[in-house]
Amino acid sequence: METWQVVLIAVGAVLAAATLAVAAVLLVRLVRAYLLLRGADIPVSARTAFWGALVYTVFPVDLLPDPVYLDDVGLLLLALHHLGAVARRYGRAGGEAEAKPPEALEVRRRR
C-alpha cells in the first residue's frame with residue numbers, strides 16, 4: 001500500500017471517530033431534552049421547536065443535500081440551545097424530571 005493510501009485511510013478513520021463522538025454527545029443531549037420536555041411548566045413554543053427540529057432532522061427533504069448534515073445538526077443544536085435557555089428561565093436544570101416548586105422560583109426572582 002502506498003503512503004497516500006495509508007494517510008487517506010487514517011484521515012477517514014479520524015473523521016469517522018469524530019463523527020461518532022459528536023453523534024454520541026448529541027444523543028445524550030436529546031435524551032436530556034426529552035426528560036426536560038416531560039415537565040408541565042415548559043412552554044409549548046419550546047416543545048414545538050424541539051420536536052420540529054427533530055422531525056426535520058429525520059425528514060428526507062433538506063435544504064442542503066443529505067451528505068452534508070450541517071443544516072440538520074445546526075437546527076437541532078439551535079433547538080436544544082433554545083430549550084436549555086427556557087429551562088434556565090424556569091429554574092430547571094437540563095434533564096431534571098421534576099420542576100422546582102413555585103415558591104422556590106419566587107424567592108429566586110426577588111433577589
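Reader: Among contacts in the chain between residues at least 6 apart in sequence, what share join residues at least 24 apart?
Author: In this predicted model, the share is 54% of the contacts between residues at least 6 apart in sequence.

Reader: What makes the secondary structure pattern α-α-α-α?
Author: The chain comes to four helices and zero strands, and reading along the sequence gives the pattern α-α-α-α.

Reader: How do you know that the length of helix 1 agrees with its number of residues?
Author: The expected span is 1.5 Å times one less than the number of residues, so the 35 residues of helix 1 should span 51 Å, and because its end C-alpha atoms are 51 Å apart, the two values agree.

Reader: Which residues of helix 1 are called buried, and what makes them so?
Author: They are Leu26, Leu30, Ala33, Leu36 and Leu37, and the label applies because a buried residue has under 20% relative accessible area. What covers these residues includes helix 2 and helix 3, while in the chain as a whole buried residues make up 21% of the 111 residues.

Reader: Why is a set of residues here called a nonpolar core?
Author: The name is used because its members are buried residues of nonpolar-core types, joined through side-chain atoms within 4.5 Å, and the largest such core has 15 residues, with Ile42, Phe50, Leu80 and Leu83 having the most contacts inside it. Helix 1 (3–37), helix 2 (44–58) and helix 3 (70–89) each supply at least two residues of this core, and helix 3 gives the most, with six residues. Leu83 touches Ala33, Leu36, Leu37, Ile42, Ala46 and Phe50, residues up to four places away in sequence not being counted.

Reader: How do helix 1 and helix 2 pack, and which residues make the contact?
Author: Their axes are 11 Å apart at an angle of about 145°, and helix 1 passes helix 2 in a left-handed crossing. The contact is made by Leu30, Ala33, Tyr34 and Leu37 of helix 1 together with Arg47, Phe50, Trp51 and Leu54 of helix 2.

Reader: Where in the chain is confidence lowest, and where is it highest?
Author: The lowest confidence is in helix 4 (residues 102–110), at a mean of 48, and the highest is in helix 1, at 86. Over residues 95–107 the pLDDT is below 50, and beyond near neighbours in sequence this stretch has 15 contacts in the model. The chain averages a pLDDT of 76, with 78% of the residues scoring at least 70.

How values were computed. Residues are numbered from 1 along each chain as its sequence is written. This is a predicted model: local features need pLDDT of at least 70, side-chain atom pairs count only at pLDDT 80 or more; totals for chains, interfaces and linings use all residues. Side-chain values use heavy atoms; hydrogens and water are left out. Buried means under 20% relative accessible area, exposed over 50%, partly exposed in between (1.4 Å probe, protein chains only). Contact means heavy atoms within 4.5 Å. pLDDT is the predictor's confidence in each residue, from 0 to 100. Axes are lines fitted to C-alpha atoms, for helices over the stretch in contact, and angles run from 0 to 180 degrees between N-to-C directions. A crossing is left-handed if the near helix is turned anticlockwise from the far one by less than a right angle, and right-handed if clockwise.
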